[in-house]
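Me: I have a structure open and want to learn how to read its features one at a time. Please take me through them.

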Amino acid sequence: MQTQDINTQNNPKIPAKDSNFLEQNPHLNSLANNPSFDSQNPPNPELIDACVHCGFCLSTCPSYRVIGKEMDSPRGRIYAMDAINKGEVALNQTTSEHFDTCLGCLACVTTCPSGVKYDKLIAATRPQVERNIPRSLPDKLIRNLIFNLFPYPKRLRPLLIPLLVYQKLGFPKLIRATKLLEKISPRLAAMESILPKITVDAFQDNYPTIIPAQGEKRYRVGLILGCVQRIFFSPVNMATIRVLTANGCEVVIPQSQGCCAALPEHQGQTKQAHTMAKQMIDSFANTGVDAVIINAAGCGHTLKEYGNILQDDSEYCDKAKEFSSQVKDVQEFLANVGLIAKLSPLVEDEELNIVYQDACHLLHGQKISLEPRKLLQQIPGVKLREPIDAALCCGSAGIYNMLQPEVAEELGQQKVENLLNTGAELIASANPGCSLQIKKHLELQGKKITLMHPIELLDYSIRGVKLERK
Ligand code: SF4
Ligand code: SF4
């Protein structure tokens, strides 16, 4: 792929505000009078009209930074949505590819001075693409594999033993060194390359329904375990439970909960997303919790969007709004209610330099950036370092690194360099997807540096567990 320097802040390809979009993109112009969006919730023209084409969002857009084309920027995509709405260009393979290159990181929403709701626009566009644009066979196969496997822990769990054997026999090294899988399918290779190490924790999944608070009960909270998180990041879930109970929370874990719907929702799989969202709402009905806690950034953003996702469902729209209003990221919750558990240093010699990596769906999606930093700084001896381009996506973006591996590679490599350049000894990351992407690129760059969820660091600090310096 032809890429431009990711650090380039200048955007030579930004057209003037009044430039003719079709003249600039003749490959789209030739497609005039072809099919438009269908009538099922197309991107709202009023939201599109809010864009004044100023281009401020371009330098913060990761797909534009890597690909370097206007059509792969927020402004270009908004132009395209408008032109498709008006029947000036077609919704077809060519235009849909530019929507597919969007990471959904929402950096453009944070940056836009005009308050353009690009999140709503792309959320309306993705299902249009899924409904109206046939995917190639390899694309269809990999998407089907992802959508039918990842959101279902019961389907993932039987794969743990074969994956463990695969790892124990050293196949990952061989596959990656020979680039065998990459030659067959770059997307499968990308999926393999972020496979986490299978540990004994992955096999344990016997969460009780209610876990009492330690000491006096302050709150009763529900906990969402996640799907991939539940299998591959169970130590994060266990740490979350311990930190919550140590801080006076009774934790309720409804056994009927499933996937939060983030994965299908981000990819325009409306039907699957609605089913999962409703199941999640039903799981927490009548639990009487003060808050529903989530420790994964991408899931948290989707859970808070249930009101919008189910807005046209007469039975669930009110329940969805109420449910979303209860959802809190664990760091957001703890920072707001305050820690009461005593914290101790994480290393013997007391000072530890940590870099906190902002997950897009916390930073841009939920506007949460101060809370995790505030919590980490309460741990004695912790010094926080800030990376450059902290607000730029790491390239994980849900399943983006599997579907668009080339763009994701560039972003992952740059993110890791920026994190390492802070000189921090440890990376704190609050999203499973980001953690896998960063670990992969740390390994590719030959760096051994610990990466943990902020809640695991709080857990260690509360329990007096010391970290070993690498
Ligand atoms: S989305 Fe916002 S920042 Fe980007 S071009 Fe439109 S108005 Fe400007
Ligand atoms: S969501 Fe992210 S990748 Fe998509 S247009 Fe906005 S900034 Fe670019």
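Me: Which strands form the open sheet with parallel pairing, and in what order?

Reply: Start with the terms. Helices (H or I, at least four residues) and strands (E, at least two) are DSSP runs, numbered from the N terminus. Two strands pair if DSSP finds at least two bridges between them. Here 4 strands form an open sheet with parallel pairing, in the order 7-6-8-9. Strand 7 (382–385) and strand 9 (450–452) are at the edges; each has a single partner strand, so one side of each is left without a neighbour in the sheet. From one strand to the next, the twist averages 35°. The model is predicted: local features need pLDDT of at least 70, side-chain atom pairs count only at pLDDT 80 or more, and totals for chains, interfaces and linings use all residues. Residues are numbered from 1 along each chain as its sequence is written, while chains are lettered from A and ligands numbered from 1 in the order in which they are written.

Me: Which helix lies across strand 6, strand 7 and strand 8?

Reply: Angles first. Axes are lines fitted to C-alpha atoms, for helices over the stretch in contact, and angles run from 0 to 180 degrees between N-to-C directions. Two residues are in contact if their C-beta atoms, placed from the backbone, lie within 7 Å. Helix 24 (residues 370–377) lies across strand 6, strand 7 and strand 8 (426–429). Helix 24 runs at about 150° to strand 7.

Me: What is the strand order in the sheet with mixed pairing?

Reply: That open sheet has 5 strands, in the order 1-3-2-4-5. Strand 1 (210–211) and strand 5 (327–329) stand at its edges, each with a single partner strand, so each has one side without a neighbour in the sheet. Strand 1 and strand 3 run antiparallel and are joined by 2 bridges. Ile211 stands opposite Val251 in strand 3. Helix 16 packs on this sheet and touches strand 1, strand 2, strand 3 and strand 4. The direction of helix 16 makes about 145° with that of strand 3.

Me: Which residues are partners where strand 2 meets strand 3 and strand 4?

Reply: Strand 2 (residues 219–223) pairs with strand 3 (residues 249–252) in the parallel sense, over 4 bridges. Arg220 has Glu250 as its bridge partner in strand 3. Strand 2 also runs parallel to strand 4 (residues 291–294), with 3 bridges. There, Leu223 stands opposite Ile293.

Me: Now the domains. What are their bounds?

Reply: Such bounds come from an automatic or database domain assignment. For the protein chain it gives domain 1 (21–132), domain 2 (137–201), domain 3 (205–337) and domain 4 (352–463). The C-alpha centres of domain 3 and domain 4 lie 22 Å apart. In contact are 27 residues of domain 3 and 23 residues of domain 4. On the side of domain 3 that touches domain 4, helix 16 (234–246) is among the helices that each supply at least two residues. Helix 16 gives the most, with 7 residues.

Me: What is the make-up of that side by residue class?

Reply: Ala, Val, Leu, Ile, Met, Phe, Trp, Tyr, Cys and Pro count as nonpolar, Asp, Glu, Lys and Arg as charged, and the others, Gly among them, as polar. The side of domain 3 that touches domain 4 has 15 nonpolar, 8 polar and 4 charged residues.

Me: Which residues come nearest to ligand 1, and which are closest to ligand 2?

Reply: A residue is near a molecule or strand if its C-beta atom, placed from the backbone, lies within 6 Å of it. Ligand 1 has 16 residues around it, and Cys51, Cys54, Cys57, Arg75 and Cys112 come nearest. Helix 5 gives the most to that shell, with 3 residues. The classes are 11 nonpolar, 4 polar and 1 charged. Ligand 2 is surrounded by 13 residues, the closest being Cys61, Pro74, Cys102, Cys105 and Cys108. Helix 4 (62–67), helix 5 (74–85) and helix 7 (107–111) each give two or more residues to the shell around ligand 2.
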